[in-house]
Amino acid sequence: MPRFYFNILSEAGSLDDWEGTELADLEAARVEAVRDARALMSSAVLLGHDISSRCVEIRNETGDILLVLPFSEAVKRVG
C-alpha cells in the first residue's frame, strides 16, 4: 500500500509530516486531507483563529507533490 505525506502549508511556512500514512490510493489520501483540514479548522475556530487560508499538500514516498488542497475547499467538499 502506498504511503502519503500530509504537509500543512501557511504563510509562515510548512509543518511537515515525517511519518506519512498508508492509504489505498490518492482518492483515499484526498479524503483524509479533507478530514484533517476540517479537524484543524474546527479546533482553531474554538480558539478564535481563522486558518482557512492554509493548505494540505499531499506528497508520495519519493516527495512528489500529488495534490494541494486549500482548507477553504475542505469546507465545500463532501467526504
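1. Two strands are taken to pair if DSSP finds at least two bridges between them. The model under discussion is predicted. By that criterion, strand β1 (residues 3-10) pairs with strand β4 (residues 55-59) in the antiparallel sense, over five bridges. Within this pairing, Tyr5 has Arg59 of β4 as its bridge partner.

2. Strand β1 is also joined to strand β2 (residues 13-15); three bridges link these antiparallel strands. On the β2 side, Leu15 is the bridge partner of Ile8.

3. A further antiparallel pairing involves β1 and strand β3 (residues 21-22), with two bridges between them. Here Thr21 in β3 stands opposite Phe4.

4. The largest nonpolar core comprises 16 residues, of which Phe6, Val56, Ile58 and Phe71 touch the most other members. Two or more residues of this core are supplied by each of β1, α1 (26-46), β4 and α2 (71-76). Helix α1 provides the largest share, namely six residues.

5. Which residues does Val56 touch, not counting residues up to four places away in sequence? The contacts of Val56 are Phe6, Asn7, Ile8, Ala33, Ala37, Leu67, Val68, Leu69 and Phe71. Two of these contacts, Phe6 and Phe71, are listed together with Val56 among the residues that touch the most other core members. Ile8, another contact of Val56, is the residue bridged to Leu15 in β2.

Technical notes:
Residues numbered from 1 in each chain as written. Predicted model: local features only at pLDDT ≥ 70, side-chain atom pairs only at ≥ 80, totals over all residues. Heavy atoms only, no water. Helix = DSSP H or I, 4+ residues; strand = E, 2+ residues; numbered from the N terminus. Core = buried A, V, L, I, M, F, W, Y, C linked by side-chain atoms within 4.5 Å. Buried < 20%, exposed > 50% of the residue type's maximum accessible area, 1.4 Å probe, protein only. Contact = heavy atoms within 4.5 Å.
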